[in-house]
Structure formats: C-alpha cells, structure tokens
Amino acid sequence: MGKHKICIINFLSLDAQKYNEILNYRNKEFVRKVSLNQNFITEEEHKKYHKLLENKDSHFAFLITKNDCDYGVITLKKIDETTYYIGDYLVDENYKFEGGGIVTNYCLLYVLNKMNIKFINYLIQKNNTRSKRIGEYGNIISKNEDNEFYDFKVEISDFNSPYILNLKSRQLFDKMYYIDKILD
C-alpha cells in the first residue's frame, strides 16, 4: 500500500460549489459541538467570511484533501505580525479513528512554517476530548484556563526540525502520508 496524498488548498482557490460544501462541513453537529462559535453558520455569514479571506491580511483558511477527497479544514486568524489563532476540524467524524488528528496537526504545522508564523494561540473547550496535542507544535509559552476553556500560546517548531521528525506521531505521518502540494 502506498502513501496517502495530502493536498492543502487555500479556500480562495475553491470554486463556489466547493466553498459551499465547506459550510455544510462546518455546520455538522460534531464540529459545532467543539467550536468556539457553536451556532449554525448561515449562508450570509459564510459569504462574509469569504470576504475576510479575500483581504489576505488577517484570515486564512485551507481545505485538506486526502487522495483527492475532502478531509479537514484549518483556519488562521491574525492577532499580530507573528501570532495567529488557529482552528481545525475534520469533515467526517469517522476520520478521527484513522489518524485524522495527526493529518490536520502536521498540515497545520506545515502551513504555519510556510507562512512564517512564529506563535499560535488557541482556545480548547475543556469538554473537547479530541483536541490538539499541545507540545507537538513547539514550546508552550503560556497556558491559562477557566471553567470552560484552556488557552494556550505556543512558539512554533520547524516542520523539519529533529525534534518534530523524531516524534512518533510525525514518524507515523511520514510513513502513511505525504504532502503533495499547497495551493494558494
């Protein structure tokens, strides 16, 4: 069995039909349940988000495909010149049982490196049992929590650093997948 081909596609490269499919993925109950905004996203809100992406200055989003099938989504929102909020989800809940978290994890790290992003912040709901493995991005700078969320700031590691390359999850990723391309 060969490796699975991974492509990372900027939302701005998607045609209207494919972009509308993203709305369906985002509105799935399992995605909304662990999202910061758990509301159903309307078509109008989805169009407004596309306008934010078109500015190419503060919001970025990518579709991950595996063997040319939609697999996951990663999003970035700029806080300052070096720091972004991140988000990600799988388009099918069953993908979590086949290593989908590893795929989105390393695709996100790949994108962060390509965009020269040095730090990320992210909030994780405490009830999210499928959340990121915090240390796999790099060094945790700060961690705060309240009754509902963990709030992390992490300094990003290089995608090909010895530390990252020696992680068991990265070795599994490299054994099973390869990033074919990133489409702007």
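**A loop and a cavity**

Let me begin with Asp68, which is exposed, its relative accessible area being 57%, where exposed means over 50%, buried under 20% and partly exposed in between, with a 1.4 Å probe and protein chains only. Please keep in mind that this is a predicted model, in which local features need pLDDT of at least 70 and side-chain atom pairs count only at pLDDT 80 or more, while totals for chains, interfaces and linings use all residues. Residues are numbered from 1 along each chain as its sequence is written, and side-chain values use heavy atoms, with hydrogens and water left out.

Asp68 sits in the loop between E2 and E3, strands being DSSP runs of at least two residues (E) and helices runs of at least four (H or I), numbered from the N terminus. Its phi is positive, near 70 degrees, although Asp68 is not a glycine. Most residues other than glycine have a negative phi. Asn67 belongs to the loop between strand E2 (59-66) and strand E3 (69-78), and Asn67, also no glycine, has a positive phi of about 50 degrees. With a relative accessibility of 35%, Asn67 counts as partly exposed.

Now to the other topic: which residues line the largest cavity? They are Asn20, Leu23, Glu43, His46 and Lys47, a lining residue having an atom within 4 Å of a point on a 1 Å grid over the protein atoms alone, where a 1.4 Å probe fits but cannot get out. Helix H1 (16-26) and helix H3 (43-54) each supply at least two residues of that lining, and the largest share, 3 residues, comes from H3.

Terms used
On a 1 Å grid over the protein atoms alone, a cavity is a set of points where a 1.4 Å probe fits but cannot get out, and a pocket is an open set with protein on both sides within 12 Å along at least five of seven lines; lining residues have an atom within 4 Å of a point.
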